[in-house]
Amino acid sequence: MNAPTLPGLAPAEPAAHDTKPTKPPRPGSRAARMMLPRSADVLKDLATDYGVCLRPISMRRTDLDTGQTEVIDLPCGATREDKCLPCARRNRRLRQAQIREGWHRADEPLPGPEPAADDQRSMIVMRAHLEFERDKAARDASWGEVADLDEAIRELEEAITTEGLRGRVAPPHHGPDDEEPETGPRRKRSTRRRQDAVELPRRKVEPRTVGKVYTAPDGSTYQPSMWLTLTLGSYGPVREDGTPLNPGRYDYRRAAWDAVHFPRLLDRFWQNLRRCEGWNVQYAGCVEPQRRLAPHAHFAIRGTISRDVLRTVAAATYHQVWWPSVDVQRYSVDRPPVWNEQAKSWVDPDTRVPLATWDEALDAIDEEPDTEPVHVVRFGNQVDARGVMPGTEDAERTLRYITKYITKHAADCHPSGTGRQRAHLERLWQQLQITPCTDRCANWLLYGVQPKQATGKLRPGRCKGKVHQRSTLGIGGRRILISRDWSGKTLSDHKADAREWVRALLGVTTDLAGTDADPDAAGPAPLRHAWEMAHPTDRDVPPLAHRLLRSISERARWRSQLLAAKDRAAAGDSPNLSAIGTQTTTNGGARHSG
Ligand SMILES: [Zn+2]
Ligand SMILES: [Zn+2]
């Protein structure tokens, strides 16, 4: 950091490199004082360095045996750094641990389910009989009997769950008064393959999730993994800084629709890839914006897949959106349709003619013989993939790359420094504000269609859907995508692992790190404590600065103990040692007796 040049004292033509003031400010002057760091900032910086949460949540814990109370700070657990940098970083380290663990697994993460016992099977048979009877009663229109059978089915399903069977046998039935009857005519959409898409091989998908093991001539085996980036197509040529060469010809509408439907496209890709490869390919990755603000996705893939296959599957993958046409925007945000309370319908502000309902609009599409989907999302030509060997620096670097932006809002990943970049973001956001996010989005009114289950509360251009928010750039869903059989663990499992590891290393069973202060890690410990929220104004809650100072002290002592323990530990102790680092447990769990 360069020392600031005092206003008015700057040389008339500052040299490019030499910005240091020629003379330090007079000691004791205001300028000299202003150059001293603020202690409050240093406290914050230190807390961040030590991984101490900056916005801890105070919980009052009462020992039920002794009646003694303690106020314990729990970390806020934010995942975005604008909320709390230390917590966001901790969360990122956990995600990295999760990705690392699943990436190079050599065994299947979850053991298959045990075979069902005889009485479990007989319960399913009983359920089958009830289903048969219900169907008969429904066809005879004996609704009283249907209701009785529904009740019996509900009871039996509860019993099935108690018997230790996972999941539901079948979806629930709907009564005749329900809003969306299951027997309603299913909309038939064109399932014809697009002529412009490549035909893919379709294999039966084996349950295997682990990649191939290769054997070298010398007998050593290795099991490489992969890294993949999927990108969307072009909306027009862009400059280095991501802004369009010709904003007037940049296809913002396509960019907005692609961003909104990108998650579905990714789902399709994994589905197609598994079918094409014939095994249950696992992935963990992150969706983030490119510099041009279009989403792209980085993935770690377990096992290897040929680059040709990845390219072919990407080229053959598309997602069609069968929604009403948005070619003509018939109304504006300033002059939208109006709600008619009597008719419970949105009507034209001038003619008072009701707008087409959602079903009418879809019927119109169905009746049209050569109908085309309103939007088709597909990937661009750029598909980057390469092999990664487990345990290498390359694997770690790739991991950091994949998780680089997960602590930031989409719009903050590439700071828009210039006016041109800000204008680009602004134009994309304008478009996102009038793009329909779902079939219930208020924006449908702009295109003369009442969305599904329309109410008088809809405000076009003001839909609360996440994709319309400036900070998301249209990336509304989850940004971290991890397949079901990746590491066989949830984030909480990984958190518990890290804690276990630290405890084992320190040789402690209790709580220097305040391990029992975390409610989701309580486990089977006897319930001797009652917890309640403590408010910052409560008498037994010290000022935030005091709490941060204590947490930092605890952390500092704990860290030096941990470092000493690390030194003592044998070299080949744990492969996760450096990865988990010193800060994965709780916030230090600072205690304040009261
Ligand atoms: Zn926090
Ligand atoms: Zn919306």
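What share of the contacts in the chain between residues at least 6 apart in sequence join residues at least 24 apart? In this predicted model, the share is 75%. The chain contains 13 helices and 14 strands. Of its 594 residues, 41% are buried.

Confidence was examined along the chain. The average pLDDT is 81, and 82% of the residues score at least 70. Strand β7, covering residues 295-301, has the highest confidence, at 96, whereas helix α13, covering residues 577-580, has the lowest, at a mean of 39. The pLDDT is below 50 over residues 176-184, a stretch with seven contacts in the model beyond near neighbours in sequence. Residues 508-524 also stay under 50 in pLDDT. For residues 508-524 the model has 35 contacts beyond four places in sequence. Where pLDDT is low, the predicted coordinates should not be read in detail.

Two helix pairs were then considered. Two packed helices are described by the angle between their axes and by the distance between the axes. Helix α6 (residues 252-277) packs against helix α10 (residues 419-433) at an angle of about 70°, and their axes are 9 Å apart. Because angles of 65 to 115 degrees count as roughly perpendicular, α6 is roughly perpendicular to α10. The crossing of α6 past α10 is right-handed. On the α6 side, the contact is made by Y252, R253, A255, A256 and V260. On the α10 side, H424, R427, L428, Q431 and L432 take part. By class, six residues of this contact between α6 and α10 are nonpolar, two are polar and two are charged.

The second pair consists of helix α3 (residues 85-103) and helix α9 (residues 393-402), which pack at an angle of about 130° with their axes 10 Å apart. This angle makes α3 oblique to α9. Helices α3 and α9 cross in a right-handed manner. Helix α3 contributes Q96, I99, R100 and W103 to the contact, where they meet A395, E396, T398, L399, R400 and I402 of α9. The contact of α3 with α9 comprises five nonpolar, two polar and three charged residues.

Individual residues were also examined. H319 is located in strand β8, which spans residues 318-321. H319 has a relative accessible area of 6% and is therefore buried. Leaving aside residues up to four places away in sequence, H319 touches H261, R264, L265, R268, H375, V376 and V377. D45 belongs to helix α2, which spans residues 39-49. Its relative accessibility is 48%, so D45 counts as partly exposed. Although D45 and P86 are 41 residues apart along the chain, their C-alpha atoms are separated by 10.0 Å.

Positive phi values were found in residues other than glycine. L293 has a positive phi of about 80° although it is not a glycine. L293 lies in the loop between β6 (283-289) and β7. At 9% relative accessibility, L293 is classed as buried. R352 is not a glycine either, and its phi is positive, near 65°. The loop that holds R352 runs between β10 (345-347) and α8 (358-367). With a relative accessible area of 51%, R352 is exposed.

How values were computed
Residues are numbered from 1 along each chain as its sequence is written. Chains are lettered from A and ligands numbered from 1 in the order in which they are written. This is a predicted model: local features need pLDDT of at least 70, side-chain atom pairs count only at pLDDT 80 or more; totals for chains, interfaces and linings use all residues. Side-chain values use heavy atoms; hydrogens and water are left out. Axes are lines fitted to C-alpha atoms, for helices over the stretch in contact, and angles run from 0 to 180 degrees between N-to-C directions. Helices (H or I, at least four residues) and strands (E, at least two) are DSSP runs, numbered from the N terminus. Angles under 35 degrees count as roughly parallel, over 145 as roughly antiparallel, 65 to 115 as roughly perpendicular and the rest as oblique. A crossing is left-handed if the near helix is turned anticlockwise from the far one by less than a right angle, and right-handed if clockwise. Contact means heavy atoms within 4.5 Å. Ala, Val, Leu, Ile, Met, Phe, Trp, Tyr, Cys and Pro count as nonpolar, Asp, Glu, Lys and Arg as charged, and the others, Gly among them, as polar. pLDDT is the predictor's confidence in each residue, from 0 to 100. Buried means under 20% relative accessible area, exposed over 50%, partly exposed in between (1.4 Å probe, protein chains only).
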